[in-house]
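Let us walk through this model, starting from one residue and then widening out to the whole chain.

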Amino acid sequence: MRPAHPTERAVGIAHYVSDADGVGGTIRAEPADFRVRELETTGFEPLDADPGPYPHVVVRATLENWDTNDFARALSNRLEISRERVDWAGTKDKRAVTTQLFSVRNGDPRALDAVDFDGVELEMVGRAGRGLQFGDLAGNAFEVVVRDADTDPVAAIADDLQAFGGGDDGTVGLPNYFGQQRFGSLRPVTHEVGLAVVRGDWKGAVVAYLGDPDDAEPPGTREARGFVDDEVAAAGDEDWAGALDRFPRRLGFERAMLHRLAEDGAGGPEDYRAALETAPTNLQRLFVNAAQSFVFNRILSARLDAGLPFDAAVAGDVVCFTDEGGRDDLAVPDPDREQRVTSDRVGTVNRHTARGRAFVTAPLVGTETDLAEGEPGEIERRVLDDVGVEPGDFDRPGEFHSTGTRRAILVRTDLAIERDPLTFGFRLPKGSYATVVLREFCKTDPRNLG
């Protein structure tokens, strides 16, 4: 196995499983080079169904170079309704062409059908009794163009990935890492903030978010973050007002934290927690989720180091089974259907893993996490000890609390490859990242893949 790129190693990804050279190249030279389409699961009533029991109007939007949140805001503004009435199943990248569902509570089909934005195509789908919720999809289908790539290593990489965890039908298998986007594509620090929260170090969490400048940021931003590190955190003079004066206005979340600290002071941990809670609730959750993701990536890397299989269970593992409510053409793991693997059940369980009906898991650690046994459990405990957290540490207030879950450690996919230009087509279950496929082929700085 090759060592991962240094930027990836910082978020727990230690290896490439393919030893072949990368193809290099450029992704997203233009938005149409990255296409993603939701694989839907939810059925809907006809558009002319009674709006009483079915008040949510569902549309399928194809967006070019639109951030999901920005589109939802623009749509609500055009309809002159609250943004809270617009829901969707999955957040997509901006520099791409994406096709996804949105629902609008008490929406007017005629007004929706009349919406006309540049880079937007809307298709009326039907009605639903509730709004879409995050995760109301089976997965995503991707078509990604890599320009200026060296196609010579492609076949060798594909062979390595098929050998790692693919099936006999030509599918490939990859470690189900959390991609770089989970931690911040430009400045990967969200897990550092989350780890400080979990450890109860509220000031450390605030400093991690406000400080730690990255070379990829503009000079003014680097200077402001450096002031936090050098003049506030290190010197201990608590000059939050001085930091606020230096932070660019476009960094709204950072400035909100600094306003809270500059106006009300920072006398103790609760003041720093209050500052952190000025962030939107979804960002507060993301901090802890990123910490969990970092630990998960570390566990996968340690399992690779130990030489344990990803496509088969060993005694002590915890497996989960296929989501029975998913699509027939895409196996989606259901972490709520789990089973511990005892030594006398290894053979039976692995008949299911070979057929794609069961999946070896690792924990996204939380208060209700039961760790594995045997060698897999030793790996999980060793990583947690090294990171300095334990399941009970996730018992934090408000949005910072997490009970945890488990997640499949292997993702399999059919892989269609075309050349001139090099194009990859594949499908992944929800929650898996396209970058887990692309990174193995490109082997470049992951910030070029985001």
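Start at Gln292, which is found in helix α11, spanning residues 281–306. Helices here are DSSP runs of H or I with at least four residues, strands are runs of E with at least two, and numbering goes from the N terminus. The model is predicted, so local features need pLDDT of at least 70 and side-chain atom pairs count only at pLDDT 80 or more, while totals for chains, interfaces and linings use all residues. Residues are numbered from 1 along each chain as its sequence is written, and side-chain values use heavy atoms, with hydrogens and water left out.

Gln292 is buried, at a relative accessible area of 4%. Buried means under 20%, exposed over 50%, and partly exposed in between (1.4 Å probe, protein chains only). Setting aside neighbours within four places in sequence, Gln292 is in contact (heavy atoms within 4.5 Å) with Leu364, Val365, Gly366, Phe394, Ser402 and Gly404.

Now widen the view. The protein chain has 14 helices and 17 strands. Its radius of gyration is 23 Å, close to the 22 Å that the globule rule gives for 450 residues, so the chain is as compact as a globular protein of that length. The radius is taken over C-alpha atoms, and the rule is 2.2 Å times the number of residues to the power 0.38. Along the principal axes, the C-alpha atoms fill a box of roughly 65 × 60 × 45 Å.

Burial and contacts complete the picture. Of the 450 residues, 52% count as buried. Among contacts between residues at least 6 apart in sequence, 73% join residues at least 24 apart.
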